[in-house]
Amino acid sequence: MSFRIDVQSVVADTRAAAKKRYCESLGFKGKIRDVAVVDSYVIDAPFNERQITRTAKLLTNSILESYSVDQTVYPKEFDSVKLSGDSYGTRWIIEIGPRPGVTDNIGATAREVIEDGIRRKFKTGEGVYCSQVFFVSGKLSRADADYIAGGLHNPLIQRALIKNGKEFERDGGMGVTIPKVQLRSRGSARKIDIDVDDAELFAIGKYGILNKDGTRRGPLALDLEAMKAIRDYFRGQKRMPTDIEIESLAQTWSEHCKHTIFANSLDEIQGGLFKNYIRAATEEIRKRRGKRDICVSVFTDNSGAIIFDDEYLITHKVETHNSPSALDPFGGAITGIVGVNRDTLGFGLGAKPVINVYGFCFANPNDMAELYRDKECTQKILSPRRVMDGVVEGVNAGGNCSGIPTPQGFVFFDPRYRAKPGVFVGTVGLIPRKSHSGSRGISRKLYEKRARSGDYIVIAGNRVGLDGIHGATFSSVALDAGSPAMAVQIGDPITQKKLSDVLVKEARDKGLYSSITDNGAGGISCSIAEMAKESGGCKVALDKVPLKYPGLAPWEIWISESQERMTLAVPKEKLKELVTLFRRRGVEATIVGEFTDSGRCVVEHDGKKIMDISMDFLHEGWVRRDMMSSVAHIRRSEPPKESSGAFNATILEMLARPNIASFAHISSQYDHEVQGGSVIKPFAGRGRVNVDATVTRPRLDSKQAVVLSQGLYPTYSEINAYDMAACAIDTAVRTAVVGGADPDRIAILDNFCWCDSHNPVRLAQLKDAVHACYDYAVAYGTPFISGKDSMFNDFKGFDAEGKPVSISVPPTLLISAIGIVSDSTKCITSDFKISGDAIYILGETNDEIGGTEYAVMQSERIGKDCMGNSVPRVDAKKNGKLYRAMARALARGFVASAVSVGRGGFAVALMKSAMGGMLGADIDLRNVPGNHTRDDLALFSESQGRIVVSVDPKKCKEFEALMRGNACMRIGTVAHDGVVHIKGWDGARAVRINIKSALEAYRGTFKNY
Amino acid sequence: MQKPKVIIFSGYGLNCEEETKVAFERAGAKADIVHINDIVDGLISLKAYKILAMPGGFSYGDDTGSGKAYAHKIKNHFAQEIENFFSADKLGIGICNGFQILTNTGLLPGALTYNDSARYIVRWVDVEVRGESPWLRGVQHAMLPIAHGEGKFVADAETLAYLEKNHAIAFTYIKGEICEHENLPANPNGSVKNIAGVLARNGRILGMMPHPERAQFFTQLPHWPYLKEQSSRNKKRIPTDGPGLKLFKNAVSYFK
């Protein structure tokens, strides 16, 4: 008993117009006549006539829409041309909906609307399923229609049904498809014999446990040594392990969870890179600062936290979601952003998410070369354009729907992100240090938590399905034909928003739970086991876990990464209040067990014990191994010298390069105003130029604000990974200072996205980069407070001819800075403000062109690697002094505009300030301090430590006095004519560019995105 | 004088309730954020309040159409209470998603559909006041931000004629200070007759796509660093408030 409701637009549907443009962009320009979109709902429940009509009305806004029941009809406005003869064949109807079990948010909302509207709860097995129907007409063959359908959906998560006009009319529409999950019961836990030969042991670790039908369950990412450790443990226990025990160990021991590359000893570094460099830097800074330490909680919790003011802490965490985004860009990105929000909710007893950040590394979206996962060329990987569009949209949906501003971000392009994009997402949180009144009138620290033995284990939020099985282990290996489709998930931001609101706006301050953590990689197998460390053990009844649909095997329930769930430790006496409160807020909360102090992680199903592992083995039994690195040096050609006559064209070309061009198409679709704290927005000035740092007030009753910035130089890595990391830190810190940060109140975060990390050469680069992280964090006094790594961003596949192809991302380090601004009314922007202002450059410009955007451009131009060798070096002592002087100049209001010099060098920084202000500039390169020897190197060198500022002529004297002892030179004047003139070494004019043509170049690249 | 009490709705993905509360309280009101289920369950009554605010957000993720599901929840459970509220001499405001919700309940005329760009858009706009309303006294123009995917106002010819005749078009998008500064077109979404907000019940209920609560501070203006630099050279002080606060102050003074 099911029926279908189709809702069509009765006003001009702009979505249809946008889809038409999209279909044309797939290679059908001029061939598409018309496109219409219809929203469809299939209701699988025995409703009577009255209920059906009422349901249809609930789903229709009569001013905008009309509905039809059980027959899809051509939308009224669709394809009004008169049809004759065989032109029927030119109408195609494509229905796209989620595959069975894939999160269907619209269906879920429709169900809630119907239940509330007709006062009837859906019974088990009944449901509402949504889909969209695209009507497309034009000169299109069936193959064309298939191709368009391919562009409209991702077969991993969506189903498509395609009919031509004749079939559509013959069938009376699209028919009713019910994408209900039908699982044969997967039964209970199985004993697995691992007293087997090494070959089989290896196979289990690499490809998964053998099913009864001979297939394998999917990668465990456990190597032979790890499998042997498991075998030995169970020999000691005198029994065979169950499947859930092996799966659970694989999750907990995964690179994703244990960060083995950073934890293992490397060469002479006993105890690993994290402990000896990253954490050591923070410890040293904290010790040196003493009472002026800004850190409160570092590395141990889901986010890191620093002091905001006397009452509040500010938290930050940046995640990567590369592997899921490669398979399903939208789903990967939305679960990334909504997932990292949970790292905020899961900090202490719950911080409120107040700012989102993003960073995307893509291949050029114009790259059309086809790549496949398999030799037979049946599994095509998504094009860079599809990846980019999907990822951008995913963060849009996740951030905007959650009501968290997303002001700060960047995009970076390099062909090596072709198979695995770099998708960085982060969230800043705000949390009071103490609750105002605890349960007995005592205030408690909200940034600390501890599950106690006897507390209930409560799961709150979404239900569990097959989504996201093996996500943690899959992201710990290279992407290939065996990558599990089930690893893909779609986010449900509204379910999480409800959960978030009830947690940080109500339950936390009522003291209803004693600990909390989020469910990310590994699902409850990781979250419960992690919290169980606080109490000393746990006992879980898996049958209690609420499921999306019946039939899941115990191990699947245990490791599923179904999204939007938090795990709480709830004292027995608080349970009733908590469950009632959650119910009243539309959030499901279920007891699934109890925390214990037994020292064991025990899981039961159907009353039988199916897992019983000591906490110690679970968390510490993983196999350490000593890693060795080996240094490789390659000498590269230098970029050719460019004659001064070419500079105008080169600067315009630089401004149009994807790495420098405006990405307003992204930043203007992410709400940066919500929550009301926006101070410095993603755009600056009349020219709306993208900024490098944004400023947001998390408390509207305070002038204090948070400034966010980042640094990332993957093109330097292959030349010198040490300098690459130094530059990333310098850029992030400097940009934060320019944005208004107090230099004593800046913290940084590291995200390593490396490749092939068992390779000794890659390890040598990693070692260098981490070494620089220590040196420069300590030098600037900016502690690391949190980090995340993704060490295997490699792809092994095939080109269109079936020839093997392997692509690895460049060693990528994202440094994110978070700084506190004492008085946000002192902030400035990068745009020149008033003509006649003096222009200064701070810092030295040297002939440092290796790995720069200029070198990449030259390499592309001549078609061979001339990336150079002189990667910018950072002098932290000089720079640190300069940044403090800069901060004082800002505080005293001497500076009208300032821009941190980054990718593209001085020329690009200057043009950004000029374009922002829609003002010109007269510059003399000869006054630029440093040992630069050529005009092109002075213009495009990416020497660090530099800032271009403009100053009111009346304040120049004071400004110069304040900057004394630093490299600071007046190099020109802001001009009213809107033209940038630059004099070169010979005193002659080297550059003359009109701001309008510059803006055209800058905005042109992504104009039609 | 007693501060007028404001009820600000929350729940199911509404997300601008906190900054809306700040705006009302800075304007001199006492504001409570109330989860819609507490009204459904009868724990909170609208009677105690003078002003009803439906804030912005993403109720139900815009699924099935923006504002639709939340509006049904209101209509299914406390339509009469809402009606009684507005039968008295009280004020209401729907901002962005709140506006979409109030049109779906029928309290405000017309409907909001997908932007012409078919994409979510965040920017600032200039609006010119056209209607007569307690909310709009003494306001001629304002710079305010928008952030929406479904903000294109549509209504049939009859409704539009009615709105014109009854001074019930609250604002229209125009090219003013901020559009000139940032060189942006006036109408961000293709709204018919450039309508940015409408009125009902003699101007007592205001629905608007722009967010006045996101323009309550001077430092929320996109070009405030530029204005600050100019002020400093002319030896002028920079203000604290932004142009949006006036609407909230107007609502408070209605009850003085």
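A:Ile457 stands opposite A:Gly593 in β18(A). That pairing belongs to strand β14 (residues 456-461) of chain A, which 5 bridges join to strand β18 (residues 589-595) of chain A, running antiparallel. Two strands count as paired if DSSP finds at least two bridges between them. Helices (H or I, at least four residues) and strands (E, at least two) are DSSP runs, numbered from the N terminus.

This is a predicted model: local features need pLDDT of at least 70, side-chain atom pairs count only at pLDDT 80 or more, and totals for chains, interfaces and linings use all residues. Residues are numbered from 1 along each chain as its sequence is written, while chains are lettered from A and ligands numbered from 1 in the order in which they are written.

**The seven-stranded sheet of chain A**

- β14 and β18 sit in an open sheet of 7 strands, with the order β15-β17-β14-β18-β16-β19-β20 (chain A) and mixed pairing.
- β15 (515-518) and β20 (608-614) of chain A are the edge strands; each has a single partner strand, so one side of each lacks a neighbour in the sheet.
- On average, neighbouring strands of this sheet are turned by 25° against each other, direction ignored.
- Axes are lines fitted to C-alpha atoms, for helices over the stretch in contact, and angles run from 0 to 180 degrees between N-to-C directions.

**Helices on the sheet**

- Helix α8 (residues 243-252) of chain A lies across β19 (600-605) and β20 of chain A, and runs at about 35° to β20(A).
- Helix α19 (residues 575-584) of chain A also packs on the sheet, where it touches β14, β17 (565-570) and β18 of chain A.
- The direction of α19 makes about 150° with that of β18(A).
- Contact here has a cut-off: the C-beta atoms of two residues, placed from the backbone, lie within 7 Å.

- Strand β7 (residues 295-297) of chain A and strand β8 (residues 304-307) of chain A run antiparallel, joined by 2 bridges.
- A:Cys295 has A:Ile306 in β8(A) as its bridge partner.
- β7(A) and β8(A) form a hairpin with 6 residues between them, and A:Phe299 in the turn has a positive phi of about 65°.
- β8(A) is also joined by 4 bridges to strand β9 (residues 312-320) of chain A, again antiparallel.
- A:Ala305 stands opposite A:Thr315 in β9(A).
- β8(A) and β9(A) form a hairpin with 4 residues between them.

**Helix pair α13 and α16**

- Helix α13 (residues 329-345) of chain A packs with helix α16 (residues 493-510) of chain A at an angle of about 10°, their axes 11 Å apart.
- That makes α13(A) roughly parallel to α16(A).
- The angle classes are: under 35 degrees roughly parallel, over 145 roughly antiparallel, 65 to 115 roughly perpendicular, and the rest oblique.
- A:Val338, A:Asn341 and A:Leu345 in α13(A) meet A:Pro493, A:Gln496, A:Ser500, A:Leu503 and A:Val504 in α16(A).
- The residues of this contact of α13(A) with α16(A) divide into 5 nonpolar, 3 polar and no charged.
- Ala, Val, Leu, Ile, Met, Phe, Trp, Tyr, Cys and Pro count as nonpolar; Asp, Glu, Lys and Arg count as charged; the others, Gly among them, count as polar.

**Helix pair α27 and α30**

- The axes of helix α27 (residues 905-917) of chain A and helix α30 (residues 995-1004) of chain A come within 10 Å and cross at roughly 105°.
- α27(A) and α30(A) are therefore roughly perpendicular to each other.
- A:Met911, A:Ala914 and A:Met915 in α27(A) meet A:Ile995, A:Ala998, A:Leu999 and A:Tyr1002 in α30(A).
- The contact of α27(A) with α30(A) has 7 nonpolar, no polar and no charged residues.

**Contact between chains A and B**

- The contact takes 54 residues from chain A and 53 residues from chain B.
- On the side of chain A that touches chain B, at least two residues each come from α1 (14-28), α3 (105-118), α14 (384-402), α16 and β21 (678-680) of chain A.
- α3(A) gives the largest share of that side, 8 residues.
- By class, the side of chain A that touches chain B has 21 nonpolar, 19 polar and 14 charged residues.

**The chains overall**

- Chain A has 30 helices and 37 strands.
- The C-alpha atoms of chain A fill a box of roughly 85 × 80 × 60 Å, taken along the principal axes.
- Chain B has 8 helices and 11 strands.
- The C-alpha trace of chain B spans about 55 × 45 × 35 Å along its principal axes.
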